[in-house]
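Please take a look at the structure shown below, and then follow the text through its pockets.

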Amino acid sequence: MACAATKPPSAVTTRHDWRSEEVAALYQLPFSNLLFEAQQVHRISFDPASIEIATLLSIKTGGCPEDCSYCSQSASLPTGVKASKLMDVEEVIAAAAKAKEAGATRFCLGAAWRSPKERDLDRVIPMIQGVRQLGLEACVTLGMLDEGQAKRLADAGLDYYNHNIDTSPAYYHNIATTRSMDDRLRTLENVRASGVKVCCGGIVGLGETVDDRLEMLRVLANLPEHPESVPLNLWNHVVGAPIADRAERPDGIAFARLVAVARILMPASVIRIAAGRKYMSDELHALCFAAGVNSIFNGEVLLTTPNPEGRSDQVLLERLGFHRAATPHMASRCHEAV
Ligand code: SAM
Ligand code: DTB
Ligand code: SF4
């Protein structure tokens, strides 16, 4: 969509043709220049003092047939997480109401499925509707979807579908063998075609190189449309996960650089630091917010692994003078490719 004719000088332009060398050059900028660039683009689309709070709920835990080597919920890994049945709709809505009271504006439901069956969707759809009736945005992550399934979720009023590419295409076979990057991209296409907004990001700290991390961001940025929401997970250690042998968390500066590059590449997307915040100091949180992060998950657990305790987030946001806002977007967005 072109909007150049009426574009004010500060309107955001989104590109979908990033080259690896350009992305690497951004990452290597002097830190102050990188942050300055990230802050400049952040301020075009967003109020930089506004942070979205989302809450996660695992509605179907464990027993997953996929072999993702980082995940506590894979049935093929000795992680000690027991498989449970899909939660009842009433329990889910009660949890959503509690999340709303605690300040969340988005409620995300996660299920450890390779892909949902039609009868699973029959049960998830009333959950989505109940979450939306509370005035919360609804996001679900249920594994791979075909076109018809994505359409069913769109018709139910789903706001976002989360489905991560997780790492670079070249590193992908090291993290999962029961599915491919192409499978992930196909689901993302189906979600995009349905009209549901896309939430897609990845994980760092799985033994990948800096180039793999940047390539992951480049793949996201070069999608035909940027994901509206980009979760960046730092691997939350899982006992029994085979990836633990090669896992290595980036240091805080490297992580902040990555966040800043994500912000520059996807200037109008909400960027969330998701898993792994328990390893991050208040100061690193502040650096990530300054580099373009504008969303976090609250609550003591994510799906199965720990998250910083809720009160500490609230205190930190107050110390930083930030406020909570549903989708911290500014009014206008321009999806213009250059
Ligand atoms: N089964 C669905 C799927 O894989 O798309 C949804 C749930 S899955 C847990 C959602 C995402 O959580 C994964 O794609 C991965 O990015 C992230 N994740 C899973 N385990 C993690 C961990 N231990 N640390 C950080 N992120 C993790
Ligand atoms: C995402 O990228 N991160 C969230 C959400 N999407 C579903 C999941 C994080 C899960 C961390 C591992 C766990 O708690 O089991
Ligand atoms: Fe299953 Fe998703 Fe975990 Fe992979 S990441 S094992 S698909 S729950």
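**The pockets of the model**

The largest pocket is lined by 16 residues, and those nearest its centre are Thr55, Leu56, Ala99, Asn298 and Gly299. This is a predicted model, in which local features need pLDDT of at least 70 and side-chain atom pairs count only at pLDDT 80 or more, while totals for chains, interfaces and linings use all residues. Residues are numbered from 1 along each chain as its sequence is written, and side-chain values use heavy atoms, with hydrogens and water left out.

A pocket here is an open set of points, on a 1 Å grid over the protein atoms alone, where a 1.4 Å probe fits, with protein on both sides within 12 Å along at least five of seven lines, and lining residues have an atom within 4 Å of a point. For the largest pocket, the volume, which is the space filled by probe spheres set on the points, is about 270 Å³. Strand 1 (50-60) and helix 3 (89-101) are the elements that give two or more residues to this lining, helices (H or I, at least four residues) and strands (E, at least two) being DSSP runs numbered from the N terminus. The largest share, four residues, comes from strand 1.

The second largest pocket has a volume of about 200 Å³. Its lining consists of 13 residues, of which Thr13, Trp18, Val41, Ile264 and Pro267 are the closest to its centre. Two or more residues are given to this lining by helix 2 (31-45) and by helix 8 (252-265), and helix 2 gives the most, with three residues.

Note on methods. Chains lettered and ligands numbered in written order.
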